[in-house]
Amino acid sequence: MKSQSRVFAALPTAEFTEIKENQQGLEPKAVTGQVREVQVTGAAEASCPADRASMRFSVTSSKESAGEVTVSVTRRLDYILQALRQHGIRGEDTSVRKFLQRNADTYCMDAEVVVVFSNFEKMEQIRSVLLEKLDKSVFVGTPLFYHSPECLGQIRQRACVSAVENAQQKASKISQVLGQSLGPPLLVREKETREWKVEEEEEQRSAPHIPVVTASSCVSVSFSFRDRNRKKL
């Protein structure tokens, strides 16, 4: 997590006079109707690897009759779906498609199962089981990693919240240096947001690449200074 901030403190001339008089042991003059605030610009970044992966399993067969080719493909397709259920993969995360066509005197059928995984360890377990049991009769595609909308939303939120927290911490320290007491925020505004994907060099890849998305946020926050002369109720 990277962060930075810029701070601008606005104190009226009369306020500095009051501070100086206090240092000299003089009675401070009452100051009313003056703008007393500190403006802070804070920035932060948040990163997260992909939380989803899509993998395709496909089987194909060619037979002299439509019935034979259907039985051949269905048998392997059922095994794939059974393996998915045994590993706790939900039906809503699985889609199945079948394609039957006739070429001259033969019937060809292709079937594919596309699965969305959120548990990458389980994905590798299923991949290994199907390759071991079905061998060359099944094609297992390369996993496609991506970020879900929920994950992207959380990254953006973390960056923004961190930027505001960073700004508040810096404003609090500045108020202490100026001999002030930090009050509530007057205005919080997100000035800029950016998002980018961190790519890995091709020669460094020894396994399927899991992309990392980084989001940055820059906010402007204005805080009031508490009136030290104000009597408590």
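Arg52 counts as partly exposed, at 27% relative accessibility; the class lies between buried, under 20% relative accessible area, and exposed, over 50% (1.4 Å probe, protein chains only). The model is predicted, so local features need pLDDT of at least 70 and side-chain atom pairs count only at pLDDT 80 or more, while totals for chains, interfaces and linings use all residues. Residues are numbered from 1 along each chain as its sequence is written, and side-chain values use heavy atoms, with hydrogens and water left out.

**Salt bridges in the structure**
- A search of the whole structure finds six salt bridges, each being a side-chain nitrogen of Lys or Arg within 4 Å of a carboxyl oxygen of Asp or Glu.
- One of them joins Arg52 to Asp51, with 3.2 Å between the closest N and O atoms.
- Asp51 counts as buried, at 18% relative accessibility.

**The network around Glu112**
- A network of salt bridges links Arg56, Arg97 and Glu112.
- Glu112 and Arg56 meet through their side chains at 3.6 Å, N to O. Because Glu112 lies in strand β5 (residues 106–117) and Arg56 in strand β3 (residues 52–63), this pair ties together parts 56 residues apart in sequence; strands are DSSP runs (E, at least two residues), numbered from the N terminus.
- Arg97 also forms a salt bridge with Glu112, the closest N and O atoms being 2.1 Å apart. This pair links distant parts of the chain, with Arg97 in strand β4 (residues 94–103) and Glu112 in strand β5, 15 residues apart.

**Accessibility within the network**
- Glu112 is buried, at 11% relative accessibility.
- Arg56 is partly exposed, with a relative accessible area of 36%, and Arg97 is partly exposed at 48% relative accessibility.

Terms used:
Helices (H or I, at least four residues) and strands (E, at least two) are DSSP runs, numbered from the N terminus.
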